[in-house]
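Dear colleague,

I am handing over the structure below, together with some notes on what was found in it. Please read them beside the coordinates.

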Amino acid sequence: MSLWLTEHGIEHVRVFADTGWEHPDTYAYLRGQLTAKLGPIAEVRGPRAMPDLIRHKNMFPAHIKRFCTEELKVKPLIAYFQALPDGDYVNAVGIRALESQARAQLAEWEWSDAFDCDVWRP
């Protein structure tokens with residue numbers, strides 16, 4: 001998403017929601033090449049990393065039990081937004097519409113009460 005915004009000349013703040021279970025190459029790419037190309041990238045993390053969350057819930061996330069995105073990405077990002085000074089913000093989110101019918105039907109723009117800003121899915 002950040003690369004796309006940069007290519008289109010759209011200034012933005014970059015935030016990475018760390019699940020605590022990413023491949024080491026993901027962290028190396030994020031903190032190395034991406035940071036060098038784009039600038040600083042804030043990292044947010046929930047109170048539990050994915051392995052801890054799996055143990056806590058005593059299960060892996062599944063199609064009908066999708067707790068990982070909410071706990072590991074959405075909630076930490078909401079906390080990040082709530083800590084920002086008052087202002088007009090847009091949460092730009094990269095969604096792969098081809099992954100599912102539900103994603104394909106998401107609106108490009110919508111208001112999020114949780115984030116207290118517009119969500120944009122270009």
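Which residues do ring pairs link into a cluster? They are W4, W109 and W120, where rings of Phe, Tyr and Trp (its six-membered ring) pair if their centres lie within 6.5 Å.

Two remarks on the basis of these notes come before the rest. This is a predicted model, in which local features need pLDDT of at least 70 and side-chain atom pairs count only at pLDDT 80 or more, while totals for chains, interfaces and linings use all residues. Residues are numbered from 1 along each chain as its sequence is written, and side-chain values use heavy atoms, with hydrogens and water left out.

By the ring rule there are five aromatic pairs, with planes under 30 degrees apart counted as stacked, over 60 as edge-to-face and the rest as tilted. One of them joins F16 and Y27 edge-to-face, at 6.3 Å centre to centre and with 90° between the planes. This pair links distant parts of the chain, since F16 belongs to strand β1 (residues 14–18) and Y27, 11 residues apart from it, to helix α2 (residues 24–38); helices (H or I, at least four residues) and strands (E, at least two) are DSSP runs, numbered from the N terminus. F16 counts as buried because its relative accessibility is 16%, and Y27 is buried as well, at 15%, where buried means under 20% relative accessible area, exposed over 50% and partly exposed in between (1.4 Å probe, protein chains only). Y80 and F81 also form an edge-to-face pair, at 6.3 Å centre to centre and 75° between the planes; here Y80 is partly exposed at 22%, whereas F81 is buried at 14%.

F81 also belongs to the largest nonpolar core, whose seven residues are A17, V44, L77, I78, F81, F115 and C117; such a core is a set of buried Ala, Val, Leu, Ile, Met, Phe, Trp, Tyr and Cys residues joined through side-chain atoms within 4.5 Å. Helix α4 (residues 68–83) gives the most to this core, with three residues.

Lastly, there is an open sheet of three strands in the order β3-β5-β4, with mixed pairing, two strands being paired if DSSP finds at least two bridges between them. Its edge strands, each pairing on one side only, are β3 (90–92) and β4 (109–112). Four bridges join β4 to β5 (residues 117–120), and these two strands run antiparallel. In β5, C117 is the bridge partner of S112, and C117 is also one of the core residues.

With best regards
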